[in-house]
Amino acid sequence: MNFLLTDEQEMICKMVREFAMKEVAPSAAQRDEEERFDRHIFDKMAELGLTGIPWPEKYGGIGADYMSYCIAVEELSRVCASTGVTLSAHTSLAGWPIYKFGTEEQKQTYLRALAEGTKIGAYGLTEPGSGSDAAAMKTTAVRDGDHYVLNGSKIFITNGGVAEIYVVFAVTDSSARHKGVSAFIVDSDTAGFSVGKKEQKLGIRSSPTTTIVFEDCRVPAENRLGAEGEGFKIAMMTLDGGRNGIAAQAVGIAQGALDAANAYARERKQFGKSIGAQQGVAFKLADMATKIEASRLLTYQAAWKESEGYPYGLESAMSKLFAGDTAMEVTVEAVQVFGGYGYTKEYPVERFMRDAKITQIYEGTNEIQRLVISKMLLSDY
Ligand code: CAA
């Protein structure tokens, strides 16, 4: 067993860290304040090849592994969790199902555009009445000649409004519950597709979250992803990897908060010495660092398993659960280390704390992760 990063992973880590510090960090607080997505940052990520990290070069990617992708999401989230999730949803939730289930033509058209970053990807599963119970979705897709006609709406769509390619799930057979769900690739310029309400959020505020609406939206049958009725499985398998991307985001947020708390603990003096030299603060830092490292190891392990072709659904649910809970705990503690200053916008830790909360909620709440983990434990997984 080798816990060192490969030369390629080291190189990607260094490149993303430099990019994050130079191009992402300076505007993070302001973009958060203004709830502003910056396409320019995405375009620069595309120039660096970050929008297609795990996809083969023949589809426009750079052919690296899932760990490199997780490292990139982590390094971005260390300074800006919104930018981290933009890349995570784009790669794991839109690119992955096309890579795994797409036809050669779909890959050349859609995966290539995502990998090269000329288009942004998004994923539409959740509906107003169907969150944790994903199979209860109501959006329908009715076959009409060489098209499917989609009607319904999806909510809480990360990259909503800025994405041009949406992987969407809809019911093609309402008598079959999850076995009646199919997956589709929808271009944002399709007639009948529109972007609805933009959410005002507690955190990840420069990552747009919107409703998307389908009103007699005619999607070519050739844009169906996988077979009819295979959609629920595609949605679940996509989330297996997506959850590890969120774990990487959570590790990055927590590390960013620890970096800030650590620097402050060295410089801030009370009672004649640095607060870091006082056990109440020093022990907090030790606990924070230990939990972050455990989260990182779980995350990298799941990514390594995916790259090597081993099952990784269990590990991915565990990494999301543990890293998400850790990010919340660590960011609350980071605010505490800063005391009154931590509660102000003068320092980034209040933003990290607000950003951390979503990692316990999206891509399956941490209660759903416990359900997934326990189901696997109690089966023959
Ligand atoms: N891989 C492959 N197949 C899977 C699977 C997986 N990970 N999980 C389930 N399945 C299959 C099962 O094997 C079963 O297949 P068969 O009928 O052929 O046996 C079928 O799917 C149904 O499985 P369940 O009976 O377990 O399904 P369920 O209805 O009880 O739901 C659930 C299971 C785990 C609770 C699921 O509904 C779930 O994951 N819910 C949470 C939804 C979620 O994560 N939403 C996130 C939205 S996306 C998002 O947040 C994006 C963002 O903003 C960034």
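Domain bounds here come from an automatic or database domain assignment. On that basis the protein, a predicted model, splits into domain 1 (7-120), domain 2 (122-229) and domain 3 (232-379).

Start with the first pair. The centres of domain 1 and domain 2, taken over C-alpha atoms, lie 22 Å apart. Across their boundary, 25 residues of domain 1 are in contact with 19 residues of domain 2. Three helices each supply at least two residues of the side of domain 1 that touches domain 2: H1 (7-34), H4 (81-101) and H5 (104-116). Of the elements on that side, H4 gives the most, with 11 residues. Sorted by class, the side of domain 1 that touches domain 2 holds 13 nonpolar, 5 polar and 7 charged residues.

Next, a helix pair. Helix H3 (residues 66-77) packs with helix H7 (residues 279-308). The angle is about 145°, and the axes are 7 Å apart. From H3 come Tyr66, Met67 and Cys70. They meet Thr299, Tyr300, Ala303, Trp304, Glu306 and Ser307 in H7. The contact of H3 with H7 has 6 nonpolar, 2 polar and 1 charged residues.

The largest nonpolar core has 114 residues. Ala72, Val167, Phe184, Ala257, Ala261 and Ala334 have the most contacts inside this core. Helix H6 (residues 231-267) gives the most to the core, with 17 residues.

Which residues does Phe184 touch, not counting residues up to four places away in sequence? They are Ala141, Tyr148, Val168, Ala170, Val219, Asn223, Arg224 and Leu225.

Definitions and conventions
Residues numbered from 1 in each chain as written. Predicted model: local features only at pLDDT ≥ 70, side-chain atom pairs only at ≥ 80, totals over all residues. Contact = placed C-beta atoms within 7 Å. Helix = DSSP H or I, 4+ residues; strand = E, 2+ residues; numbered from the N terminus. Nonpolar A, V, L, I, M, F, W, Y, C, P; charged D, E, K, R; others polar. Axes fitted to C-alpha atoms, helices over the stretch in contact; angles between N-to-C directions. Core = buried A, V, L, I, M, F, W, Y, C linked by C-beta atoms within 7 Å. Buried ≥ 20, exposed ≤ 12 C-beta atoms within 10 Å, placed from the backbone.
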